[in-house]
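The following exercises concern the structure shown below.

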Amino acid sequence: MTVIDVTLVLTAATLAALGAQRRLVGLTVGLGGALALRPLLLLADMNPWLGLLGAMLVGLALALVARLLLPNAGGTGLATKVAGGLGGALLGAAVVLMLVTSLPVQRDALNPNQLRYPPNSLPAGVRPAVERSALVQLGREVLFAPLLAAQDPVSPQRTAVTGGLHGWVVTREPWRMPQ
């Protein structure tokens, strides 16, 4: 486990804790944010600023809708805290997955069909931690799920999971993009 893994796990844990604190509002925002991730990524592909604005508006709308529809969302029960924590954890997992699949893909200069993820072009101080990160390796499997499944089907269940996650967070196929 590298410092990158610890940072990403703390990110997910922080969102889970915030969701638990906000209870049913946390559940609504976490679940809604995770569901809105794919359309927001598609919007950000068209224009990053538009995607950022859309994400802020979706987050605000989810919080306002939750507050209006759930006026007693701050209940004191353990069930509401757990529900909020689950919503926050779902959003945290979505954010982490989005981060570990968003590094640039590098093509080998001598063999353009050879892809490298994470790229060698990362700063020297960060590169070893990123390359050894278990979560970044998971992101690599999700990012290249269609290629990896065609090359070597490890297990049908794992291929189905990584393929499903690929369809959720990967909006373009970087191996088909001109470099």
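**Exercise 1.** Locate Leu122 and determine whether it is buried or exposed.

*Solution.* Leu122 belongs to the loop between β2 and α5; helices (H or I, at least four residues) and strands (E, at least two) are DSSP runs numbered from the N terminus. The model is a predicted one: local features need pLDDT of at least 70, side-chain atom pairs count only at pLDDT 80 or more, and totals for chains, interfaces and linings use all residues. Residues are numbered from 1 along each chain as its sequence is written, and side-chain values use heavy atoms, with hydrogens and water left out.

The relative accessible area of Leu122 is 16%, so this residue is buried. The term buried means under 20% relative accessible area, exposed over 50%, and partly exposed in between (1.4 Å probe, protein chains only).

Next, consider the surroundings. Not counting residues up to four places away in sequence, Leu122 touches Arg127 and Val130, where contact means heavy atoms within 4.5 Å.

**Exercise 2.** How many aromatic pairs does a search of the whole structure find?

*Solution.* The search finds one aromatic pair. Rings of Phe, Tyr and Trp (its six-membered ring) pair if their centres lie within 6.5 Å; planes under 30 degrees apart count as stacked, over 60 as edge-to-face and the rest as tilted. For Tyr117 and Phe144 the ring centres are 6.0 Å apart and the planes stand at 85 degrees, so the pair is edge-to-face. Tyr117 sits in the loop between β2 (115–116) and α5 (127–132), and Phe144 in the loop between α6 (134–143) and α7 (145–151), so the pair ties together parts that are 27 residues apart in sequence. Both Tyr117 and Phe144 are buried.

**Exercise 3.** Characterise how α4 packs against α2 and against α6.

*Solution.* Two packed helices are described by the angle between their axes and the distance between the axes. Axes are lines fitted to C-alpha atoms, for helices over the stretch in contact, and angles run from 0 to 180 degrees between N-to-C directions.

For α2 (residues 24–46) and α4 (residues 78–100), the angle is about 25 degrees and the axes are 6 Å apart. This makes α2 roughly parallel to α4, given that angles under 35 degrees count as roughly parallel, over 145 as roughly antiparallel, 65 to 115 as roughly perpendicular and the rest as oblique. Residues of α2 that meet α4 include Gly26, Gly30 and Gly33, and those on the α4 side include Gly84, Gly87 and Gly88.

For α4 and α6, the axes come within 8 Å and cross at roughly 75 degrees. Accordingly, α4 is roughly perpendicular to α6. The contact involves Val96, Leu97 and Val100 of α4 with Leu135, Val136, Gly139, Arg140 and Val142 of α6.
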